[in-house]
Amino acid sequence: MDNIQLGPNYFCLRLLCPEIAPAYQPGQFVMLRAWAGYDPLLPRPFAIHQTWQRQDQEQQGIDILYQVVGRGTRLMAGLKPGDQIYLVGPLGKGFIIPEGLQSAFLVGGGMGIAPLLALAHKIIRDSRPSPKLSLLLGGKGKEDLLRVKEFIELKVSVHLATEDGSVGHKGLVTEMLPTIIPRQRPQVIYASGPEAMLKKIAHEASYYEIPCQVSLERLMACGIGACLSCVTKTRLAQPPEGLSPDGVSPTPFQYQRVCLDGPVFEAQEVIWNNGAE
Ligand SMILES: Cc1cc2nc3c(=O)[nH]c(=O)nc-3n(C[C@H](O)[C@H](O)[C@H](O)COP(=O)(O)OP(=O)(O)OC[C@H]3O[C@@H](n4cnc5c(N)ncnc54)[C@H](O)[C@@H]3O)c2cc1C
């Protein structure tokens, strides 16, 4: 185990866990408790950032890219090689890569970058001929834009945005979409980051009729579908008789568990802010 500091509040936790690495799909996550005892009580959810394998020692495991935001992640930042942690995973449903995918946008906001590097690796590995990938990544400042070099090494075309203008477009990452989407017309958009960003991307994708998958974040207590703390409203694909949307009645919806039915959803299924505008 290793815990590498990448910036003032950013770390990459490298974990030896041979059971999880081979079974995982990009977009899936783990529930992790990196502290002894029960304070904090609940484990925390983290996307699997990437898997790794050391051929010589036949060791394999996963990396978790995380930002220190509260008590749990502060305790994680103090982890040292040899410490043991409680971990369950891989959990949830990851991103779906359509057969023969030729072009895609990966859009990340802040820590939303975490599941996108492994997704890029998988698309490149599984698609022939080589697909055209673009990363659109936004953050507050340039120190919040992680893993850019790794995407460039994969020959992904990278477009950056920062709110303070320290690098790339000055403003939000979503402000680049109306120019870039019509120029490149990706086959699929994959997005991960804050909900306001995902909602805007879903709107743009729908306007240009491009399929879009979003990875939702919710507070989660169990991560396995039991506690219902992470439910979100989604549109019913086949509304029951008499409940079809007519512009007057509320959209027929169901509650789905982000931990079990997601965290990745088709953007058009999601009822943003649970219907509260
Ligand atoms: C499926 C999933 C994957 C995630 N992947 C990553 C990842 O790869 N890297 C990463 O850094 N973080 C990720 N997160 C968010 C991460 O779980 C939280 O940052 C973490 O639980 C905070 O724990 P804490 O004890 O440090 O903070 P707390 O003390 O619990 O909370 C501190 C602050 O963070 C907010 N917060 C806590 N959890 C969430 C959450 N799930 N969504 C939004 N705000 C939250 C709280 O409301 C509070 O304001 C993911 C969350 C989900 C649901």
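**Figure 1. Thr73 and the ligand in a predicted model.** A polar side-chain atom of Thr73 lies 2.4 Å from an oxygen atom of the ligand. A backbone N or O atom of Pro45 lies 2.6 Å from one oxygen atom of the ligand. For Gln67, a backbone N or O atom is 2.9 Å from an oxygen atom of the ligand. Taken alone, the ligand exposes 860 Å², and the protein buries 73% of that. Accessible areas come from the Shrake-Rupley method with a 1.4 Å probe; for residues, only the protein chains shown count as cover. The model is predicted: local features need pLDDT of at least 70, side-chain atom pairs count only at pLDDT 80 or more, and totals for chains, interfaces and linings use all residues. Residues are numbered from 1 along each chain as its sequence is written, and side-chain values use heavy atoms, with hydrogens and water left out.

**Figure 2. The shell around the ligand.** The shell holds 19 residues, of which Arg44, Pro45, Leu65, Gly72 and Thr73 come nearest to the ligand. A residue is near a molecule if one of its heavy atoms lies within 4 Å of it. The ligand takes up the space of the largest pocket. A pocket is an open set of points on a 1 Å grid over the protein atoms alone, where a 1.4 Å probe fits, with protein on both sides within 12 Å along at least five of seven lines. Two or more residues each come from β4 (44–47), β6 (59–67) and α1 (71–77). Strand β4 gives the largest share, four residues. Helices (H or I, at least four residues) and strands (E, at least two) are DSSP runs, numbered from the N terminus.

**Figure 3. Helix α2 and its cover.** Helix α2 spans residues 116–126. Its buried residues are Leu116, Leu117, Ala118, Leu119, Ala120, Lys122 and Ile123. Buried means under 20% relative accessible area, exposed over 50%, and partly exposed in between (1.4 Å probe, protein chains only). The cover over these residues includes strands β5 (50–54), β8 (103–109), β9 (132–139) and β12 (188–192). Helix α3 (148–153) is also part of that cover.

**Figure 4. Thr232 in strand β14.** Thr232 sits in β14, residues 231–235. Thr232 counts as buried because its relative accessibility is 0%. Its side chain makes a polar contact of 2.8 Å with the side chain of Arg218. A polar contact is a pair of N or O atoms within 3.5 Å; within protein, one must be able to donate a hydrogen and the other to accept it, and residues adjacent in sequence count only if both atoms are side-chain atoms. Leaving aside neighbours within four places in sequence, Thr232 is in contact with Leu216, Arg218, Gln254, Tyr255, Gln256, Val258, Phe265 and Asn274. Contact means heavy atoms within 4.5 Å. Phe105 is 127 residues from Thr232 in sequence and 25 Å away in space, C-alpha to C-alpha.

**Figure 5. His159 in strand β10.** Strand β10 covers residues 157–162 and holds His159. At 17% relative accessibility, His159 counts as buried. A 3.2 Å polar contact joins the side chains of His159 and Ser157. Beyond neighbours within four places in sequence, His159 is in contact with Ser134, Leu135, Leu136, Leu137, Met176, Ile180 and Gln184.

Figure 6. Glu204 belongs to helix α5, residues 195–207. Glu204 is buried, with a relative accessible area of 9%. Neighbours within four places in sequence aside, Glu204 is in contact with Leu177, Pro178 and Ile181. Gly275 lies in the segment after β16 (264–266). At a relative accessible area of 43%, Gly275 is partly exposed. Gly275 and Thr234 are 41 residues apart in sequence, yet 9.4 Å apart in space, C-alpha to C-alpha.

**Figure 7. Backbone details in loops.** A cis peptide bond joins Asp39 and Pro40, with omega about 0°. Pro40 is in the loop between β3 (29–33) and β4. The Arg128 to Pro129 peptide bond is cis too, with omega near -10°. Pro129 lies in the loop between α2 and β9. Arg147 is not a glycine, but has a positive phi of about 70°. Arg147 is in the loop between β9 and α3 and is buried at 17% relative accessible area. Leu228, not a glycine either, has a positive phi of about 65°. Leu228 lies in the loop between β13 (212–215) and β14.

Technical notes:
On a 1 Å grid over the protein atoms alone, a cavity is a set of points where a 1.4 Å probe fits but cannot get out, and a pocket is an open set with protein on both sides within 12 Å along at least five of seven lines; lining residues have an atom within 4 Å of a point. A molecule sits in a cavity or pocket if more than half of its atoms lie within 2 Å of its grid points.
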